[in-house]
Structures are given as C-alpha cells and as structure tokens.
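Dear colleague,

Please read the notes with the model open beside you.

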Amino acid sequence: MTGGLPFLPYGRQSVEEEDIAAVAAVLRGDWLTQGPAVAAFERALAARVGAADAVACANGTAALRLAYTALGLGPGDAVVVPSNTFLATASAARHAGAEVAFADVDPDSGLMGVAEAEAAIARAAKAGWRVRALAPVHYAGQTAPMAELGALARREGLAVVEDACHAIGTVELSGGRETPVGACADSALTVFSFHPVKTIAAGEGGAVTGNDPALMARVRRLCNHGMMRSPEPGEGFADPGAALDEGGAPNPWYYEMAEPGFNHRLSDIHAALVLSQLGRLDRFAERRRRLMGLYADRMAPLAPLVLPPAAVPWCRPAWHLCAARIDFHAAGRTRAAAMAALRDLGIGTQVHYIPVHRQPYWRSRYGDLALPGAMAHYARTLSLPLFPAMADSDVDRVVTALERVLS
C-alpha cells in the first residue's frame, strides 16, 4: 500500500471464484495430468479462435519449440524473428538447430512489417542461410500485418509461425473480414502463452493452433515424447505384429516413437484454470480496450513527451501491454530514475523489451547488427499498469504520477 492505495503492478492475473472451483474439481478428481481437462481446453480453444485443432503445452516457449520442430527446421535453416520480442521467439529456433535472422521493427508500433522481413531475408541469404520460416510477433496485443507477411511467405515459399503470446482475443481486420488470432489464415501455426500477466492465465501454459492435420499430429506427438498410441490417418504402425491384437485393434499398452519428442505436456490443473478463464476472454479483452482508451485520453495533454502505443489499422487488439512511448531525454530524467520514482508512488512498470539481437549470446554469434527501429522503440518504451481488475480511476492515478515524475 502507498498512501492507503494498493500497489499497481504492470500486469497481473484476474482469478475469480469459478476459476478456483474449476481447479478444486480437478484436485478432487482422478486426473491431475493427462486427463480430460486438457482435451476439453484444446477443443474449446480451437473453437474459440477458429482453428481446426489445438495442442496445449507447458508454456509459450514450449509452444514455439514444438512449432519450429514440427516444421522440420534444423541446421542450415533460418527463421526471421523481429528483435522486439521476448527471448523465447529466437531461443526456441536455436533449440531446433536453426539460425535466427533478426528483423528490425517499426519504431512506433514495435511490429515487424514486410520491408523489415525482406531486409532480414536478404541478410540471411548473404550469410548463406536457407530461410524457411517467418515468426512475426504480435506485440502488446496488436498483430503484425499478417495479410502482407502471408503474401510474402507464399512468394518466398516460407512457413509462418505466429508468435501470438500477447494476442489471445485479438481480431485481425482484413478484406472486410474479422478473423480471430489463432485461426492461422496466413500462417501454418500460431502459438499462445497463458502466463499470469497474459489476458487469460493457466499459471504456466501455452498452446499451438493450426489447420493441417498431419502437421498438428506431429505437434501433438512431439509434445508427448514423440509417442504414438494409435495409427494416424494415412499411417500405420511400424511393427503391426507387436502393435495390434488378433482383431486388428491397437494393444492397450502399446506405443511407438518415430522420433524423439519432449515432455511439454500441460497438466489438468493448469488446463482447468485456463479453460475457466477462456469463458471470460471477451470480457477481459473489452476491459483492456476500455482501459487503453482511457490511457489515450488521459495522455493526450502530455504529448509529445508521453504518447500511448501507436495503434495499427489492421486489427482490433485485446491489449496485453500499455507500452507507452516516453521521451526521457526531453524530460531530463532517465528511465531507471522514472521507474524508481513511480514505484515509490505505488506504480509498477516494466520494459518490453531489450532488443534480442543485443543479447550477449546473439552478439557473439552474429556480431553487432544495426536495427535502428528496434533500438529507437526500446529507448522510449515503458509498460504501465494494465489488467482487468484496474478501476477507471487507476488510469488517472497512473498518468498523474507519471506527469509528476517527468515534470
């Protein structure tokens, strides 16, 4: 508490009694993991986003790893990744054995567009890499321009993996249609995260959605050690004599491993929580939109010193972050000093993100890259509190504190 007011973190989960009841029901039941709650969540998520299938997994990083591996990415291949993202979008590609062709982003929106992706593809070609995939990141709840990136991918023969860890509930607006993120209209696969600060929470959890049955079957196998307990469409067991009983049905104990996989499974405990939260996704998204509208109104008198996130026209975002743009140099205050002063006033903040190409591992691997858009975005971004339980008056409190700190 600060001056009798609660501390406002930059983000937090919204857990209600129905969530607690859903988790308690699993704890009182027979299955803590590998049970019916996971399958129920997968069906509900696929239906909600308009995809043919969904595979739940342990977290968003696991979802990225499953997606890259299922697409067959490996040594000699490269994935185009915007530098303005969390570490996992790039690290998961390296875990698959691929190189990362870092792309610049728009300095105002933080999003990778076609020009940035094409420049990264050209740099990768000079390095002798075979670019096989694009991994656009839907930053802060807004999507990258997927119709344009999808067209680029089709021209270049690339797969697309949407990193939608920020964007569950966001709707793409293209060609007069409204398409939920996760429907994979312009991608092979979409990945989600259900970390507590995201729009819906599992505690820890993630998912992959897609429409290609064979690709999604591979995602599912990889998620569970590469195991297959029943033959998939168009496939049979490699050892039918051991696999099948006298009636031709799979033996109940039998499984085969065609390739090594991972233990990236989601537990039923986590699935019950996120399935309960999925039912309130629209309410959470609308609340976040209202709060962002209030932020935009309240920040208007502070322009150009303080600006809200730059809105793009091709989506209706379920905002994950309020990543304000602040001219700290003009304010005569460092970002660190501003964050400390805001914390003293009960306002939590964070920075999203340090451009990934600046991390020591990537600098030692690829040298120093010049990505000015990512660096310009990083220099002035500051994520302010945004979560559904905030009151309208909390926005005024945050912006008043920000104005006081920067004046």
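The largest pocket has a volume of about 560 Å³, where a pocket is an open set of points on a 1 Å grid over the protein atoms alone at which a 1.4 Å probe fits, with protein on both sides within 12 Å along at least five of seven lines, and a volume is the space filled by probe spheres set on points joined across faces, edges and corners. Its lining (residues with an atom within 4 Å of a point) comprises 22 residues, of which Gln34, Glu42, Arg220, Asn224 and Arg265 are the closest to the centre.

This is a predicted model, in which local features need pLDDT of at least 70 and side-chain atom pairs count only at pLDDT 80 or more, while totals for chains, interfaces and linings use all residues. Residues are numbered from 1 along each chain as its sequence is written, and side-chain values use heavy atoms, with hydrogens and water left out.

Helices (DSSP runs of H or I, at least four residues) and strands (E, at least two) are numbered from the N terminus. At least two lining residues of the largest pocket come from each of helix H2 (36-49), strand E1 (53-57), helix H7 (213-223) and strand E10 (227-228), and H7 gives the most, with four.

The second largest pocket holds about 390 Å³ of space, and among its 22 lining residues Phe86, Cys165, Ser193, Lys198 and Tyr353 lie nearest the centre. Helix H3 (60-70) and helix H4 (87-95) each supply at least two residues of this lining, the largest share, three residues, being that of H3.

Best wishes
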